[in-house]
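Could you walk me through this model, stop by stop, in my viewer? Tell me what to select next and what is there.

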Amino acid sequence: MICLVRPPAVESFRFATGSVTLPLGLAYIAAALETAGQAVQVVDAVGEGPRVRTRYYKGYLIGLRLEEVARRIPADAEWVGVSVIFTHEWPAAVRLVDLIKAARPGLTVVLGGEHVTSLPEFCLATSKADILVLGEGDETVVELARALAAGRPPEGIAGVAYRDGDRIRVNRRRARRIDVDTIQPPAWHHFDVAGYHGNRFVGGMYSPEITVPILATRGCPYQCTYCSAPNMWTPRWIPRDPKRVVDEIETAIRRYGARNFPFQDLTAIIQKDWIVRFCREVLDRGLVFTWQ
């Protein structure tokens, strides 16, 4: 069994609750592992402790205390995957890894997300993490899970960085996924969808309707100098089939009662024809919801 961890989120003057939302990336990783036949359990610090606040520099951590997160990792977990998206989360992530290693010295800790993708050598040098998943993780994490289960080193796995004794190794990057329509939809059954909405953790403008984030496209063709996206995704924009996107929305409406869908794309409006096709698909099905 693999344990995936969403650490507490950061709330401060600069990084407010507007950035706190259901963890879309982690839900995709959970879906990829389950589709590959892996058992998955999620420890969601925000969803399981939405009213807990811990001082964190000039702000707060929202969610279970780090010590409690470490305690909730199941005893039968084969390894732990921790999501680290933002740089301002890094000190808390380092502390969480320390706590996990103190409690379970032999447990492999894998980190993934935009921050570790941008700074792999730094992240391994300043934490006790064992392996990093770089860039898109859907395929990489499945190959890594199979290697760890078989006792094989991550030496030949594209898209990872790892420790090799006292040395840090960064493997070649995995090529971008082109077949985005074959990617399994996010495994929201691991998360308290209604609870996130009830605590207004919606990652955008608040709606009275239940909110589920969605990703209609992957990547961005631009190369803004301040942005980590070209490193994370490469400057390539790959859209999903609009029908598949509306299928996912319709499923969330039926399963969770969701009626509000923030698009977490880097930029979803590159092609006018894509947006028109999406809107026509919504109208043809008679669906009523908000999207932003």
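Here is a short tour, starting with the whole chain and moving on to single residues.

**Before you click**

This is a predicted model, so local features are given only at pLDDT of at least 70 and side-chain atom pairs only at pLDDT 80 or more, while totals for chains, interfaces and linings use all residues. Residues are numbered from 1 along each chain as its sequence is written, and side-chain values use heavy atoms, with hydrogens and water left out.

**Stop 1: the whole chain**

Along its principal axes, the C-alpha trace spans about 60 × 40 × 40 Å.

Of the 292 residues, 53% count as buried. Buried means under 20% relative accessible area, exposed over 50%, and partly exposed in between, with a 1.4 Å probe and protein chains only.

For contacts (heavy atoms within 4.5 Å), residues 24 or more positions apart account for 70% of those with a separation of 6 or more.

**Stop 2: salt bridges**

Side chains of opposite charge can pair when their charged atoms come close. A salt bridge here is a side-chain nitrogen of Lys or Arg within 4 Å of a carboxyl oxygen of Asp or Glu. By this rule the count comes to 18 salt bridges.

Select R53 and E11 to begin. The closest N and O atoms of this salt bridge are 3.6 Å apart. The pair links distant parts of the chain: R53 is in strand β4 (residues 53-56) and E11 in strand β2 (residues 9-11), 42 residues apart. R53 is partly exposed, with a relative accessible area of 34%.

Next, pick E248 and R240. Are these two residues buried or exposed? Both E248 and R240 are buried, and their salt bridge has its closest N and O atoms 2.9 Å apart.

Move on to R285 and E250, whose side chains meet in a salt bridge at 2.7 Å, N to O. This pair also links distant parts of the chain, with R285 in helix α11 (residues 272-285) and E250 in helix α10 (residues 242-256), 35 residues apart. R285 is partly exposed at 26% relative accessible area, and E250 is partly exposed at 28%.

To finish this stop, select E48, E68, R71 and R72 together: salt bridges that share partners join them into one network.

**Stop 3: two buried residues**

Center on V84, in the loop between β6 (79-83) and α4 (90-103). At 1% relative accessibility, V84 counts as buried. Leaving aside neighbours within four places in sequence, V84 is in contact with residues including W90, G112, H115 and V116.

Then jump to K101 in helix α4, which counts as buried at 14% relative accessibility. Not counting residues up to four places away, K101 touches L107, T108, V109, K128 and D130. K101 and A70 are 31 residues apart in sequence and 9.0 Å apart in space, C-alpha to C-alpha.

**Stop 4: loops and backbone angles**

Most residues other than glycine have a negative phi, and most peptide bonds are trans. Select Y57, in the loop between β4 and β5 (59-62): Y57 has a positive phi of about 55 degrees although it is not a glycine. Y57 counts as exposed, at 64% relative accessibility.

R200 has a positive phi too, of about 65 degrees. Look for R200 in the loop between α8 (193-198) and β11 (210-211), where R200 counts as exposed at 52% relative accessibility.

Technical notes: Helix = DSSP H or I, 4+ residues; strand = E, 2+ residues; numbered from the N terminus.
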